[in-house]
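Please look over the sequence and the model below.

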2 protein chains.
Amino acid sequence: MRIAINPNRESWKALQERPAADFSEMLPKVKPIIEAIQQEGDAALMRFTSEFDKVSIESPIVDLAEIEAAQDLLSEELKTAIRKAAGNIEAFHRTQQEQVKVVEVMPGVTCWRKSVAIESVGLYIPGGTAPLFSTVLMLAIPARLAGCREVVLCSPPDKNGNIHPAILFAAQLAGVTRIFRAGGVQAIASMAYGTESIPKVFKIFGPGNAWVTAAKQYVSQQGVAIDMPAGPSEVLVWADHTADPDFVAADLLAQAEHGTDSQVVLVTNHAELIPKVDAAIELQLADLPRAGIAREALSNSLAVFFESNDVALDFINTYAPEHLILLCDDASVFAERIVNAGSVFIGHFSPESAGDYASGTNHTLPTNGFATAYSGVSLDSFVKKITFQQLTPNGLERLGPTVETMALAETLDAHARAVSIRLQKLKNNALLS
Amino acid sequence: MRIAINPNRESWKALQERPAADFSEMLPKVKPIIEAIQQEGDAALMRFTSEFDKVSIESPIVDLAEIEAAQDLLSEELKTAIRKAAGNIEAFHRTQQEQVKVVEVMPGVTCWRKSVAIESVGLYIPGGTAPLFSTVLMLAIPARLAGCREVVLCSPPDKNGNIHPAILFAAQLAGVTRIFRAGGVQAIASMAYGTESIPKVFKIFGPGNAWVTAAKQYVSQQGVAIDMPAGPSEVLVWADHTADPDFVAADLLAQAEHGTDSQVVLVTNHAELIPKVDAAIELQLADLPRAGIAREALSNSLAVFFESNDVALDFINTYAPEHLILLCDDASVFAERIVNAGSVFIGHFSPESAGDYASGTNHTLPTNGFATAYSGVSLDSFVKKITFQQLTPNGLERLGPTVETMALAETLDAHARAVSIRLQKLKNNALLS
């Protein structure tokens with residue numbers, strides 16, 4: 001770990017820098033794949049699957065028999081755990097459902113806003129060594145709660161052409177409507193533009209490697225919405241003298257094992273903690289399966305000591321961490337002052353992994369400082385909020401002159417006339433009657 | 001107007017096509033301007049102002065004296081209208097404030113979500129012939145209600161170096177904290193990266209020409225959030241036999257006068273209406289100041305007749321109009337079936353211009369079919385929704401095994417250990433006590 005003692009504000013920008021992801025160099029490689037999918041559909045998809053996933057598939061469609069069979073391949077313990085997590089995720093996201101509030105801003109002028117599900121959404125779940133079935137829950141449960149008609153899931157096939165049974169089980173449990181064996185750029189393109197098998201969606205969600213991220217960025221420029229810009233995952237732990245060095249070390253390692261580019265930051269007002277955490281990390285690394293990855297991520301990690309809690313708080317809010325763990329006394333009070341973070345874990349018994357899997361909050365969160373302006377995935381991410389207004393003749397008579405005056409001042413006469421012509425007819429009718 | 005009679009679904013895509021905006025060709029011209037602002041700050045900003053706005057300014061800062069003086073340059077009638085509109089916009093957007101709902105998903109596991117203002121936002125208001133002070137209200141009022149600490153406004157100076165007094169007045173009324181004379185790509189870059197005068201913001205809002213849109217798209221790729229992707233403004237009017245052709249014509253013209261690329265669509269189940277609307281348009285065009293612009297926009301406009309209301313409704317939802325005006329019987333019932341639209345205007349006395357200015361709903365809305373996945377600007381656009389979770393020792397004992405099981409199944413052992421190490425200490429302490 002790099003260590004910084006009371007770093008001055010001028011140095012924060014450099015200290016807080018994340019690895020810059022420049023997709024402009026990847027686009028020339030991504031674009032032809034996307035265009036091939038647009039032009040050739042399934043044929044191109046299967047060709048790229050053979051090329052990149054090294055498996056030849058007959059169809060990208062995962063059929064119901066295959067999904068149902070997945071049940072038998074999983075332990076009861078794991079299925080129970082997935083069901084419990086799903087229950088908590090559903091309970092929390094259900095509180096995000098918005099009631100329609102009708103407001104009569106003046107007599108006869110009524111406005112409201114209604115959340116309407118995005119009709120068709122696509123979820124991307126990476127393949128590789130770790131089957132991210134937890135991400136399936138995090139994306140599909142709010143999609144179902146929102147009422148999305150079509151919830152499409154793409155995940156790359158393994159060498160035998162299969163998708164991990166835990167992904168299939170979680171998808172069925174959470175309400176995914178169709179599952180496809182498709183990975184990488186070709187999966188993103190298939191969902192963005194549709195193929196013979198895969199329906200076109202309006203918004204694409206989910207993590208992925210740099211190629212997937214570049215593809216999402218590309219299609220988002222072409223009118224397909226995406227969840228949020230992505231960067232490597234990150235944690236910031238704030239720890240004071242009450243923090244247990246073993247807990248701090250475990251929380252930092254849980255982030256570090258994600259990937260070699262994981263961002264791990266410890267901020268403390270208790271200088272003695274840093275060497276203790278270092279020692280605990282070494283101890284815990286000894287028998288960690290992903291120790292190699294964690295060690296490399298930790299070599300870029302940062303421990304910062306601040307004398308002043310207020311300055312530390314500024315540092316944390318400036319960093320805007322994806323995950324913020326508060327291992328301190330009066331953690332709830334400290335949490336009140338957080339303005340930039342994805343998700344906050346309050347107190348010694350709230351490790352990030354609780355939220356990663358099962359506390360109920362969403363684990364798809366803004367990285368790379370995007371927490372300054374972006375929120376994590378929530379029910380909001382799966383709906384549009386459409387506004388409505390209804391004016392009575394009387395309401396238009398009351399509001400009309402305001403509209404006419406403003407429209408004329410903006411030199412938009414036809415805008416004014418859309419009101420005037422109605423007011424005139426109302427007046428004429430009143431004269432007639 | 002082009003006319004289509006009962007067009008079959010295969011033809012919809014072509015009928016509904018908007019002018020394609022391809023910014024890739026603009027980027028090579030936008031990028032050097034943005035980089036100059038990043039490197040030279042105010043000096044570059046003033047150089048570009050001189051080059052593009054044809055005026056040499058001493059400072060981009062608009063001082064308080066100038067803002068206060070604007071009051072005296074406006075009629076009382078206009079100031080009253082702006083205040084009334086502001087009142088309605090505030091009343092409606094206030095209903096979007098979200099209360100914190102704390103949910104105990106299981107005993108000892110508590111989650112909640114809190115809306116926290118984006119600390120610093122930038123609003124871009126175009127210059128040109130029409131001073132868009134209404135857009136100032138639409139962006140600055142929700143920013144203030146959300147609690148944004150810094151609300152920066154940039155608008156290009158006129159030939160004398162001034163910003164239109166109505167923009168200054170609306171900005172002060174709505175709670176803008178700082179105003180700058182800066183336009184185009186250089187204004188977007190200044191807000192995205194900061195200059196000596198203009199503070200860096202985390203999110204940029206507002207309309208603009210293709211250059212401004214390209215600049216927003218560029219900075220959004222570099223980590224600065226933007227309100228939404230932009231395209232030409234558009235209206236779709238649904239009219240049945242109860243519709244007054246004069247009202248239909250007025251509403252179509254109000255959209256057509258925006259710009260030559262404005263998208264104007266009439267959909268009806270009453271064939272006789274189309275020629276009547278055409279005649280009314282010609283009559284109203286006769287003395288419309290922006291008739292030239294409107295006429296050109298109308299030449300690309302579309303009138304569609306459908307025998308079936310259900311098919312018409314599908315057509316409308318597939319088009320996903322920015323503005324949808326329902327001039328029909330039982331408009332409220334029809335409105336219930338709308339799933340893709342920015343804002344809906346219900347009934348014969350609810351013209352779009354009411355919402356453009358003063359009904360209270362926001363007029364910054366998704367164009368170009370983006371209403372399939374995007375919402376208009378609202379209070380949500382100015383906040384991040386941060387999630388929090390707090391587990392008691394007992395809560396972790398209850399939830400922990402679920403997390404451990406899932407983490408191990410995802411081969412993320414350190415995630416499991418962040419729980420196990422805590423559970424172990426709790427157990428040891430219990431044994432000790």
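How many bridges join β3(B) to strand β14 of chain B? The two strands, β3(B) and β14 (residues 383–391) of chain B, run antiparallel and are joined by 9 bridges; strands count as paired if DSSP finds at least two bridges between them. One of these bridges sets Val109(B) against Leu391(B) in β14(B). Helices (H or I, at least four residues) and strands (E, at least two) are DSSP runs, numbered from the N terminus.

This is a predicted model, in which local features need pLDDT of at least 70 and side-chain atom pairs count only at pLDDT 80 or more, while totals for chains, interfaces and linings use all residues. Residues are numbered from 1 along each chain as its sequence is written, chains are lettered from A and ligands numbered from 1 in the order in which they are written, and side-chain values use heavy atoms, with hydrogens and water left out.

Strand β3 (residues 109–117) of chain B also pairs with strand β2 (residues 103–106) of chain B, in the antiparallel sense over 3 bridges. Glu104(B) has Thr110(B) in β3(B) as its bridge partner. The two strands β2(B) and β3(B) form a hairpin with 2 residues between them, and Gly108(B) in the turn has a positive phi of about 85°. Of the 9 residues of β3(B), 8 are buried (under 20% relative accessible area, with a 1.4 Å probe and protein chains only).

Chain A contains 17 helices and 14 strands. Its C-alpha atoms fill a box of roughly 90 × 60 × 45 Å along the principal axes. Among the 433 residues of chain A, 63% count as buried.

The interface comes next. Here 117 residues of chain A are in contact with 117 residues of chain B, contact being heavy atoms within 4.5 Å. Together the two chains bury about 10,400 Å², 58% of it on carbon and sulfur atoms; this is the accessible area (1.4 Å probe) lost on putting the two parts together, summed over both.

Across this interface the rule finds 14 salt bridges, each a side-chain nitrogen of Lys or Arg within 4 Å of a carboxyl oxygen of Asp or Glu. One of them links Lys385(B) to Asp380(A), with the closest N and O atoms 2.9 Å apart. Helix α17 (residues 413–432) of chain A gives the most to the side of chain A that touches chain B, with 10 residues.

Strands also pair between the chains: β14 (residues 383–391) of chain A and β13 (residues 343–346) of chain B are parallel over 4 bridges. There Thr387(A) stands opposite Ser343(B) in β13(B).

Terms used: Buried means under 20% relative accessible area, exposed over 50%, partly exposed in between (1.4 Å probe, protein chains only).
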